[in-house]
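Below is a short briefing on one structure.

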Amino acid sequence: MAEPEMDEEFPFDINPMYEGERVRKAGMYVELGGPNSPGFELVLFEPDPEKITDGKVTLIGPDLSEMEEGGQYPYAMIYRVYGEQIEKDLEPVIERRNHEFQGYLQGYMHLNQRSEIWVRISKDALKKGLKSLSQIAKASITLFKAELPFIEKMEATYITDEAEVLKRLEEANKIYEARDLRVRDIHDEDVDEFYQCTLCQSFAPTNVCVVSPDRTALCGAMNWFDSRAAARVDPEGPNAPIPKGACIDPIGGEYTGVNEAAVKLSGGEFTAIKLHSFLERPHTSCGCFEVAGFYIPEVDGIGWVHRGSRVADTPIGLPFSSIASSVGGGKQVEGFLGIGIQYFYSPKFIQYDGGWQRVVWMASDLKERVKDAIPPEFWDKIATEEDVKNVNELRDFLRDVEHPVMTGVVRAADGVQITNGWAAPAAVAAVAEAGVARAAGAELPGGALLAAETRSPVPLAHLLQAGGGSPMTIVLKDADIRIGKIIIKKREASSRERDL
Ligand code: SF4
């Protein structure tokens with residue numbers, strides 16, 4: 001990090017070591033934005049330098065001294081920037097760095113992006129002398145200009161007045177939407193390079209973020225165009241090209257270049273990533289994803305819930321926050337996946353695992369939000385919390401609507417049957433045996449051949465029933481195992497062994 005030139009003394013430390021610092025509720029002075037109040041951040045390019053007063057800060061609404069301790073308030077951070085090298089394409093790139101730079105401020109926690117921002121300011125920061133949000137805005141501008149020298153002029157408007165935040169949020173949402181639409185007409189096969197982003201490695205060191213045309217970043221803030229613009233203008237920054245290399249698997253979205261990047265960026269933790277897979281070698285997830293997906297083994301399908309959903313519990317009994325803690329941290333977890341909202345609109349949306357044919361449940365507010373991404377024939381087949389409360393009810397629902405997971409999913413991309421369904425009791429055993437058979441590419445009872453390379457998680461109980469005494473290997477990844485007591489007995493040799 002370049003040493004920022006400070007025009008003024010700030011009453012808090014500014015240092016990258018504070019990145020990832022959490023302000024817990026007990027130590028919090030106020031919360032801005034977040035799950036309970038509207039908020040957003042936005043960067044706008046101003047082509048006329050005369051229209052920007054460099055370093056100017058405007059605050060609309062109550063300042064920190066007028067807020068109650070422990071209170072929750074709306075919060076908007078709008079920056080206007082000018083620079084000869086800056087184009088409109090760079091707006092989201094600069095905007096995403098707000099998360100990084102504000103993370104350097106001691107006693108100030110910044111999470112998420114766009115209209116999901118969640119800020120907390122600690123009591124300690126106020127004890128040290130922080131008095132005003134203008135000081136935060138000034139420190140942020142200083143950091144932006146020190147780290148991104150192509151920004152020649154920058155001013156900030158911070159808003160805490162609720163009506164004003166809501167009014168400007170409507171405008172911001174239109175801008176976010178226009179950015180998202182740009183990438184819908186370009187696909188992975190149309191380009192030679194994808195882009196990496198290492199911004200979140202500060203708190204998720206093994207995270208490997210790969211942004212491709214068909215897979216917008218899981219934070220939702222960076223699409224392929226944005227990442228390309230960032231890599232060009234700031235080659236030393238967090239975004240860099242990943243040459244695709246050879247395509248190993250066009251359906252899973254596996255490329256030699258991406259696998260090499262996975263090894264390099266994760267320090268050898270991960271050796272392969274399939275960009276469009278959920279259950280095998282999925283993309284890693286840091287902590288910023290907009291939506292969490294979770295595999296439901298009892299119905300061999302996938303559910304989705306988003307950050308900020310008003311739905312308290314999913315059918316597996318966990319809220320977004322618990323699922324997110326299973327997924328986050330830069331891990332590659334087969335059976336859980338963090339994605340950006342825009343990935344629902346990708347024609348390659350988890351196509352390795354059957355795409356929309358595999359989606360069995362969505363939080364109702366998420367389903368409504370991405371309504372136009374859902375193929376009409378699946379709309380009534382996807383349950384929400386209004387239809388089912390638990391996995392048993394979900395199973396009945398899926399049976400009633402004749403969901404493809406019940407009878408078996410045939411992957412649209414290549415016509416391969418990837419699941420065998422669970423409609424009849426015998427089929428449940430077949431699904432379980434599939435877990436064993438897939439590894440060997442074996443033919444399944446009933447004659448269906450599942451894709452040999454697919455490794456869907458199968459409930460352990462099903463596996464044990466299906467094993468029938470034949471040797472099997474069970475691999476437990478990232479499992480917590482508690483053992484109360486172990487009894488070790490000497491095994492009696494069999495008569496055959498005694499004969500040898
Ligand atoms: S989620 Fe990925 S793309 Fe978004 S900021 Fe983090 S590392 Fe970058």
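Which residue takes a positive phi in the hairpin of strand 14 and strand 15? Asp300 does, near 55 degrees, in a hairpin with 4 residues between the strands. The model is predicted: local features need pLDDT of at least 70, side-chain atom pairs count only at pLDDT 80 or more, and totals for chains, interfaces and linings use all residues. Residues are numbered from 1 along each chain as its sequence is written.

**Strand 14 and its partners**
- Strands (E, at least two residues) and helices (H or I, at least four) are DSSP runs numbered from the N terminus, and two strands pair if DSSP finds at least two bridges between them.
- Strand 14 (residues 291-296) pairs with strand 15 (residues 301-306) in the antiparallel sense over 6 bridges, and Tyr295 has Ile302 as its bridge partner.
- Strand 16 (residues 336-339) is joined to strand 14 by 4 bridges, also antiparallel, with Gly293 opposite Leu337.
- Because 6 of the 6 residues of strand 14 are buried, it is largely enclosed by the rest of the structure; buried means that 20 or more other C-beta atoms, placed from the backbone, lie within 10 Å of the residue's own.

- An open sheet of 4 strands has the order 2-5-8-3 and mixed pairing.
- Its edge strands, strand 2 (39-45) and strand 3 (57-60), each pair on one side only.
- Strand 3 and strand 8 (residues 153-159) pair in the parallel sense over 4 bridges, and Ile60 has Ile159 as its bridge partner.

Terms used. Buried ≥ 20, exposed ≤ 12 C-beta atoms within 10 Å, placed from the backbone.
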